Amino acid sequence: MNLVFAVFLAVVLLPFAADAKDAWPAGNAKKGRPLHDKECVACHAKTYGGDGSAMYTRPGRQVGDKNELVQRVAGCADRFNLGWFPEDEAHVAAYLNERYYKFK
């Protein structure tokens, strides 16, 4: 039974992992900044104070690599019903990486 469940999870989750890898190179930081500034800054400032950038620079931040960054952006876009397309999410992730994370 565990093998069946493992195969099921692999089949279901594999496309999401592929999307995260594919989304990274497609991102354009210049296109991502206005999306970020419009939709993310106010919430982050309310939660973390100041301009909200502490969200990205705080000790113990939850994003540890580029795939986690892409997934986090997609999760926020979905959670707050932003109506972003996958390329919008990739642009925002590229902007955040360029500005804060510096993942290769």
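User: Which residues touch the most other members of the largest nonpolar core?

Analyst: Among its 18 residues, these are Y56, L69, V73, W84, L96 and Y101. The model is predicted, so local features need pLDDT of at least 70 and side-chain atom pairs pLDDT 80 or more, while totals for chains, interfaces and linings use all residues. Residues are numbered from 1 along each chain as its sequence is written, and side-chain values use heavy atoms, without hydrogens or water.

User: What makes a set of residues a nonpolar core?

Analyst: The members are buried Ala, Val, Leu, Ile, Met, Phe, Trp, Tyr and Cys residues, joined through side-chain atoms within 4.5 Å. Here α4, α5 and α6 each give at least two residues, and α6 gives the largest share, seven residues. These helices are DSSP runs (H or I, at least four residues; strands are E, at least two), numbered from the N terminus.

User: Why is Y101 called buried?

Analyst: Buried means under 20% relative accessible area, exposed over 50%, and partly exposed in between (1.4 Å probe, protein chains only). Y101 has 8%, so Y101 is buried. F103 has 18% and therefore also counts as buried.

User: How many aromatic pairs are there in the whole structure?

Analyst: A search finds three.

User: Why are Y101 and F103 called stacked?

Analyst: Rings of Phe, Tyr and Trp (its six-membered ring) pair if their centres lie within 6.5 Å; planes under 30 degrees apart are stacked, over 60 edge-to-face, and the rest tilted. For Y101 and F103 the centres are 5.4 Å apart and the planes are at 15°, so the pair is stacked.
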